Amino acid sequence: PDPGTLASVLTEGVKNTIGDSRVKVTYEPEYVPAVPPAMPDIPPEQLAGMIKATVKVEVLDGNIAYLKIQHIIGEEMAQKVGPLLLEYIWDKVLPTSAMILDFRSAVSGELSGIPYIVSYYTDSEPLIHIDSVYDRPSDITTELWSMPTLLGKRYGTSKPLMILTSKNTLGVAEDVAYCLKNLKRATIVGENTAGGTVKIDKIKVGDTDFYVSVPVAKSINPITGKSWEIDGV
């Protein structure tokens, strides 16, 4: 009689059957499918202000940069507000001797932002194959490579880089951490990450208010041949 309880029981059954905690059954009579937002037509200064609200930057004792990121922006947004982000954030941390990237609250992000972040901590040449993402609905594998040119200067490959993680670190941030770890470019400090995915679809079950959330893409690291998904980083 209680649809919410039924959804919980089904979710537990699915977890016990396939061992994948990302697959969930939910009862959501009010659910409206999210439409990916178009690039908002607002001034870059206002966009930069919104991004700054999700990024904390400071220089700690010992000339160590601390950068807390909650959302990893994508290529389109980076192109639009890049110069302002350089001024507000990146130029402050460039002269430091080491950096801490705090991903403990990073729960969202865009796939196209992965090469951006990784490239700031690698050399311009040779280009590096960072990740491959297989999208099941389209049956297409996309290779992510480091970028030869970037807005602003690179942080480089010689200064120490630490990435803080928690059990809440999810999705795209996990991918960035896994890539930089396996490139031997960063030291990961903290809890095992959530073991999420780069893309989840919510599928309606027949003519009901039940939905199944299912991962529909898979990240495969070219160095390890494995994924950070399910197990985390």
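I take buried to mean under 20% relative accessible area, exposed over 50%, and partly exposed in between, with a 1.4 Å probe and protein chains only. The model is predicted: local features need pLDDT of at least 70 and side-chain atom pairs count only at pLDDT 80 or more, while totals for chains, interfaces and linings use all residues. Residues are numbered from 1 along each chain as its sequence is written, and side-chain values use heavy atoms, with hydrogens and water left out.

**Entry 1. Aromatic pairs**

I searched the whole structure for aromatic pairs and found 6. For this search, rings of Phe, Tyr and Trp (its six-membered ring) pair if their centres lie within 6.5 Å; planes under 30 degrees apart count as stacked, over 60 as edge-to-face and the rest as tilted. I looked up Trp90 and Tyr121: the ring centres are 6.1 Å apart and the planes stand at 80°, so this pair is edge-to-face. Trp90 belongs to helix H3 (residues 75–93) and Tyr121 to the loop between helix H4 (113–119) and strand S7 (129–135), so the pair ties together parts 31 residues apart in sequence. Helices (H or I, at least four residues) and strands (E, at least two) are DSSP runs, numbered from the N terminus.

I then checked accessibility. Trp90 is buried at a relative accessible area of 9%, and Tyr121 is buried at 2%. The rings of Tyr121 and Tyr155 have their centres 5.9 Å apart and planes at 65°, so I record this pair as edge-to-face too. Tyr155 lies in the loop between strand S8 (140–145) and strand S9 (161–165), 34 residues from Tyr121. Both Tyr121 and Tyr155 are buried. I note one aromatic cluster formed by Trp90, Tyr120, Tyr121 and Tyr155.

**Entry 2. Around the two loops**

I found Lys159 over the face of Tyr155, at 4.0 Å from the ring centre. The criterion is NZ of Lys or CZ of Arg within 6 Å of the ring centre and within 35 degrees of the ring normal. Asp123 is in the loop between H4 and S7 and is partly exposed, with a relative accessible area of 41%. I list Asp123 and Thr157 as 34 residues apart in sequence and 6.7 Å apart in space, C-alpha to C-alpha.

**Entry 3. The sheet with S7**

I traced an open sheet of 3 strands in the order S8-S7-S13, with antiparallel pairing; two strands pair if DSSP finds at least two bridges between them. S8 and strand S13 (217–220) are at the edges with a single partner strand each, so one side of each has no neighbour in the sheet. I counted 6 bridges joining S7 to S8. The bridge partner of Tyr134 in S8 is Thr141.

**Entry 4. Cavity and pocket**

I used a 1 Å grid over the protein atoms alone: a cavity is a set of points where a 1.4 Å probe fits but cannot get out, a pocket is an open set with protein on both sides within 12 Å along at least five of seven lines, and lining residues have an atom within 4 Å of a point. Grid points are joined across faces, edges and corners, and a volume is the space filled by probe spheres set on the points.

I found 1 cavity of 30 Å³ or more. The largest cavity holds about 450 Å³ of space. Its lining has 20 residues, and the closest to its centre are Ile73, Leu85, Trp90, Ile117 and Tyr120. H3 gives the most to this lining, with 6 residues.

The second largest pocket holds about 240 Å³. Its lining includes Tyr134, Arg136, Lys218 and Glu229. Strand S12 (210–215) and S13 are the elements giving two or more residues to that lining.
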